[in-house]
Amino acid sequence: MFWFLLLTMVVVVTAVTLAVVGGGGSPVLQDVEPERFTDPLPTTRPVGRADIEGLRLPMAARGYRMADVDEALSRLGAELAERDARIAELESALAGVQAAAVSTGTDLFKRPGDRPAEPRGRENGGAEPAERDER
């Protein structure tokens, strides 16, 4: 009885091993190319929040592939540096326009087509209001 169980166990283990490894002519487990990072970040426009939320890096044996993570982070770093430079450029241009407007007395918040505001004290036909002496 012992030999029968031992022989049956050897046959079952051998059959399972051959099925998994693919001992026949056609492999059961087909060779699959390793998952590689295809940059889903857009190249034709700036990276947005939805692009970052949709970014999925492929897994490796022990986490993520360092090269793929480095590539994605360097791309995001370049985008942020470009945006920071553009923001600084626009802020300096705005500061220049504001300085020019202050020196010329232009109202930056006036809408096109608005009439200029009347100077204070000229509402009564040009007559200056009488000043009070409060002694």
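Author: In this predicted model, a residue is called buried when its relative accessible area is under 20%, exposed when over 50%, and partly exposed in between.

Reader: Is aspartate 51 buried or exposed?

Author: The cut-off for buried is under 20% relative accessible area. Aspartate 51 has a relative accessibility of 16%, so aspartate 51 counts as buried.

Reader: Which helix holds aspartate 51, and which residues does aspartate 51 touch, not counting residues up to four places away in sequence?

Author: The place of aspartate 51 is in helix H2. With residues up to four places away in sequence left out, the residues that aspartate 51 touches are Leu41, Pro42, Arg45 and Pro46.

Reader: With which side chain does aspartate 51 meet in a salt bridge, and at what N to O distance?

Author: A salt bridge needs a side-chain nitrogen of Lys or Arg within 4 Å of a carboxyl oxygen of Asp or Glu. The side chains of arginine 45 and aspartate 51 meet with an N to O distance of 2.9 Å.

Reader: How many salt bridges does the structure hold?

Author: The bridge between aspartate 51 and arginine 45 is one of them. Another joins arginine 49 to glutamate 53. The total for the structure is four.

Reader: Why are arginine 49 and glutamate 53 separated by about one helical turn?

Author: Arginine 49 and glutamate 53 form a salt bridge, with their closest N and O atoms 2.7 Å apart. Arginine 49 is exposed at 68% relative accessibility, whereas glutamate 53 is partly exposed at 44%. They are about one helical turn apart because both lie in helix H2 (residues 49–53), at a spacing of four residues.

Reader: Which helix holds both glutamate 89 and arginine 86?

Author: The side chains of these two residues, glutamate 89 and arginine 86, meet in a salt bridge of 2.9 Å, N to O. Glutamate 89 is partly exposed at 46%, and arginine 86 is partly exposed at 43%. They are three residues apart, and therefore about one helical turn, in helix H3 (residues 66–104).

Reader: What is the accessible area of the nonpolar patch on the surface?

Author: The patch is formed by Phe2, Trp3, Leu6, Met9, Val10 and Val13. Valine 10, one of these, is found in helix H1 (residues 2–21). With 43% relative accessibility, valine 10 counts as partly exposed. Together the six residues of the patch have an accessible area of about 660 Å².

Note on methods. Residues numbered from 1 in each chain as written. Predicted model: local features only at pLDDT ≥ 70, side-chain atom pairs only at ≥ 80, totals over all residues. Heavy atoms only, no water. Patch = residues over 30% accessible without salt bridge, like charges linked within 9 Å, V, L, I, M, F, W, Y side chains within 5 Å. Areas by Shrake-Rupley, 256 points an atom, 1.4 Å probe, with all protein chains shown as cover. Helix = DSSP H or I, 4+ residues; strand = E, 2+ residues; numbered from the N terminus. Buried < 20%, exposed > 50% of the residue type's maximum accessible area, 1.4 Å probe, protein only. Contact = heavy atoms within 4.5 Å.
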